[in-house]
Amino acid sequence: MAAMSKRFYVTTAIDYVNGAPHVGHAYEKVVADVIARARRALGEEVFFLTGLDEHGQKVQQVAVAEGKSPQVYCDELAASWRQFAAKLGLSNDDFVRTTDPRHKEFVQAILSKLHAEGQFYKSTYSGFYSTNAETFLTEKDRLPDGNFDPSWGKVIELQEDNYYFKLRAHQEWIIQHIEANPGFIAPDYRRNEMLGFLKSEVLEDLCITRPADRLNWGIPIPFDAGFVTYVWFDALVNYISIPFAHGDPLIRQAVGSGGATSFEVWPADLHVIGKDILKFHAVYWPIMLKAMGLPLPRQILAHGWWQKDGQRLSKSTGNVVDPIAVIDEWGVDAFRFYVVRELDIGPDGNWTDAGFRGRYQSELANGLGNLVNRSLTMIQRYRAGRIPNGVNQLARETTETWDRAIAAYRANALQGALQECGAMVTRANQYIDQTSPFKIAKDPSRAGDLDNILVTLAEVCRALGVLLWPVMPGAMEKLQRQLGLESINTNLSQFPPPLAAGHAIGEIFALFPRKDQK
Ligand code: MSP
């Protein structure tokens, strides 16, 4: 047996538990899931981690308002977020909650170690503080008239002791790392943004605590009972606390702990996150890892933000897209397809219901669905449901599509992979229109031509059924069953072998039923 080797490790941001999941949360998880599935389909072992960020003042406040303990409140919400992950069809290998004992204990161990090594210091800060945003404000946050923007809510003057992590000393080092590793931050313009920030501003040390009398819903720091960990030293650490729990050797070694197993995942291959938290992932996190003596993640992939009808998503104005309602009405495959097809990873995107329906109708119902349905119905009708002996006349185009789509998957260019498949669907539907199998079928002397057409169409459908599986696993499994395949083929490392002459197709049904345009 081959020796165990490092798995491909992909993570998502962990969502705050307050509130219901929206399309932005769903998008990020689907992107990471498609990448995880594509990697597995390419033959790699994968560890895909997602989960929840459960500590903080907002959670504490809402729980208290509802008369619940924060833990009970989080447990209830975590159950519904887990259901949401299942509803999205996520193939995650673990699900982290920052209230898990395995996470909390690891955070404390890391804090003790870094404290002992002199990475933290205690200091008094006095300044203006927004209670709404739970953040200190600086002179830069003042409006030209000297006041703070009303969106900060109530601003008070606060004097407070806290612990700080020494970031400042690493500014040059992180600039060099980003410059020397062009693929570290993707897409390119996000990398330039980070370099711009690092070269123009002084990196302030990072405040890592809150006094426990002000915030007690957090992980207590082990070396001072008066404080809990604040946000990033809790949340970011999930990316290593869970591998540690599974026995990742590098992480076990870095914290001087035994119990290593063959579960090798660190360093992460890919952190999929939104553009708003890029600085924390591309600057703070690498510095934290360096301080811990751990290698850095290979890539941080920052996606853009979804809007609806050109406006920011907002619960208070009701401008939201409820992914659960969309999935209930249209199916999870259509939802996954739409978000990946519509929005390239990087820029912002705009959800419109009309846009969603339009793509469903043209690309799924009339495009792919119709291609599969017409092809299989003809095999059923003209050849009693058996694949004839014939020549695949689109063999070259299909293998070229395959190669380009695979290259796109490898580059995490998911929209590109779908564009390749979409072009192949269009090409095959055109081929039907051009070759007119319905007419040829009436002429017995052209049986050989009809055989070739039917073989060609079956082969195109079969390749698409494998290629599109990472994005639409459920629908592509149905497609493959309609083709009469007994075991589902999810192997992207090899162009699928042709169906044998005489192979019987399965039962035919609409993959993406047409819906009346509303
Ligand atoms: N808990 C932190 C992340 C800690 S990661 C160690 C957090 N949570 S969040 O719930 O506010 O956001 C979770 C993810 O959803 C982030 O990557 C964020 O960018 C993403 N999105 C939130 N709103 C979004 C859109 N409108 N569109 C796309 N993604 C968005 O930040």
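Trainee: Hi! Which are the buried residues of α8?
Mentor: The buried residues of α8 are Asn238, Tyr239, Ile240, Ser241, Ile242, Pro243 and Phe244. Buried means under 20% relative accessible area, exposed means over 50%, and partly exposed is in between, with a 1.4 Å probe and protein chains only. Before we go on, this is a predicted model, where local features need pLDDT of at least 70, side-chain atom pairs count only at pLDDT 80 or more, and totals for chains, interfaces and linings use all residues. Residues are numbered from 1 along each chain as its sequence is written, and side-chain values use heavy atoms, with hydrogens and water left out.

Trainee: Can we zoom out a bit? How many helices and strands does the protein have?
Mentor: There are 18 helices and 16 strands. The C-alpha trace spans about 90 × 55 × 45 Å along its principal axes, and 53% of the 518 residues count as buried.

Trainee: How far is the side chain of Glu28 from an oxygen atom of the ligand?
Mentor: An N or O atom in the Glu28 side chain is 2.6 Å from a ligand oxygen. For Trp305, a side-chain N or O atom is 3.2 Å from an oxygen atom of the ligand, and for Gly274 a backbone N or O atom lies 2.9 Å from one. A polar contact is a pair of N or O atoms within 3.5 Å; within protein, one must be able to donate a hydrogen and the other to accept it, and residues adjacent in sequence count only if both atoms are side-chain atoms.

Trainee: And how much of the ligand's accessible area does the protein cover?
Mentor: The protein covers 94% of the 660 Å² that the ligand has on its own. Those areas come from the Shrake-Rupley method with a 1.4 Å probe; for residues, only the protein chains shown count as cover.

Trainee: You listed β12. How many bridges join β12 to β13?
Mentor: 4 bridges, and the two strands run parallel. Two strands pair if DSSP finds at least two bridges between them. His271 has Ile300 in β13 as its bridge partner. Strand β8 (residues 185-186) is also joined to β13, by 2 bridges and in parallel, with Ala186 opposite Leu301.

Trainee: Which way do the residues of β13 point?
Mentor: Ile300 and Ala302 point one way, Leu301 and His303 the other way, and all are buried. In a regular strand the side chains alternate between the two faces of the sheet. Strand β4 (residues 94-97) is covered on both faces too: Asp94 and Val96 are buried on one side, Phe95 and Arg97 on the other.

Trainee: Back to Trp306. What is its bridge partner in β16?
Mentor: Trp306 partners Gly349. Strand β14 (residues 306-308) is joined to β16 by 3 bridges, running parallel. They belong to an open sheet of 3 strands in the order β15-β14-β16, with mixed pairing. β15 (311-312) and β16 (349-351) stand at the edges with a single partner strand each, so one side of each has no neighbour in the sheet.

Trainee: Last one: how far apart are the end C-alpha atoms of α17?
Mentor: They are 30 Å apart, which agrees with the 30 Å that the 21 residues of α17 (residues 447-467) should span at 1.5 Å a residue. The expected span is 1.5 Å times one less than the number of residues. 18 of those 21 residues are buried, so α17 is largely enclosed by the rest of the structure.
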